[in-house]
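Reader: I am new to this structure and would like to be taken through it. Could we look at it together, one topic at a time?
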Amino acid sequence: MKDLLLYIARNLVDDPEAVTVTETAGGNQELTLELRVAPDDMGKVIGRQGRIAKEIRTVVRSRAQREGVKVSVDIMD
């Protein structure tokens with residue numbers, strides 16, 4: 001999951017070196033991914049009215065569903 005999120009985010013932003021993803025495992029096969037990008041690239045990751053962020057979450061969740069894991073993606077400031 002982490003690699004997929006990194007791939008998507010790095011291809012959206014102008015500064016791919018500033019992209020980081022932190023994994024936090026929870027109970028019952030639950031995983032939280034925290035995405036951090038450069039402040040200037042925040043708008044590119046979120047998109048208008050949060051559309052890009054919503055689609056990123058949809059893609060990651062669909063991959064997680066195939067693997068039988070629950071995932072939440074948090075975009076951090």
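This is a predicted model: local features need pLDDT of at least 70, side-chain atom pairs count only at pLDDT 80 or more; totals for chains, interfaces and linings use all residues.

Reader: Which residue in strand 2 does threonine 20 stand opposite?
Author: Threonine 20 faces arginine 36 of strand 2. Arginine 36 also has a bridge partner in strand 3, namely methionine 76.

Reader: What is the order of the strands in the sheet?
Author: The order is 1-2-3, in an open sheet of three strands with mixed pairing. Strand 1 and strand 2 are antiparallel and share six bridges, while strand 2 and strand 3 run parallel and are joined by seven bridges.

Reader: Why is one side of strand 1 and of strand 3 left without a neighbour in the sheet?
Author: Strand 1 (20-25) and strand 3 are at the edges and have a single partner strand each, so one side of each has no neighbour in the sheet. From one strand to the next, the twist averages 20°.

Reader: Which residues of strand 3 are on the covered face, and which on the uncovered one?
Author: Val71, Val73 and Ile75 form the covered face, whereas Lys70, Ser72, Asp74 and Met76 form the uncovered one.

Reader: Now the largest nonpolar core: which residues touch the most other members?
Author: They are Leu5, Leu33, Leu35, Val60 and Val71, out of 22 residues in that core. Two or more residues each are given to this core by helix 1 (2-12), strand 2 (30-36), helix 2 (42-46), helix 3 (51-67) and strand 3 (70-76). The largest share, five residues, is from helix 1. In soluble globular proteins, nonpolar side chains tend to be buried together.

Reader: What does leucine 33 touch?
Author: Beyond residues up to four places away in sequence, leucine 33 touches several residues, including Met1, Leu5, Val21, Val60, Val71 and Val73.

Reader: And threonine 32, what is it in contact with?
Author: Threonine 32 belongs to strand 2. Apart from neighbours within four places in sequence, threonine 32 contacts Thr22, Glu23, Thr24, Ser72 and Asp74. The side chains of threonine 32 and serine 72 are joined by a polar contact of 3.5 Å.

Definitions and conventions
Residues are numbered from 1 along each chain as its sequence is written. Side-chain values use heavy atoms; hydrogens and water are left out. A nonpolar core is a set of buried Ala, Val, Leu, Ile, Met, Phe, Trp, Tyr and Cys residues joined through side-chain atoms within 4.5 Å. Buried means under 20% relative accessible area, exposed over 50%, partly exposed in between (1.4 Å probe, protein chains only). Helices (H or I, at least four residues) and strands (E, at least two) are DSSP runs, numbered from the N terminus. Contact means heavy atoms within 4.5 Å. A polar contact is a pair of N or O atoms within 3.5 Å; within protein, one must be able to donate a hydrogen and the other to accept it, and residues adjacent in sequence count only if both atoms are side-chain atoms. Two strands pair if DSSP finds at least two bridges between them. Axes are lines fitted to C-alpha atoms, for helices over the stretch in contact, and angles run from 0 to 180 degrees between N-to-C directions.
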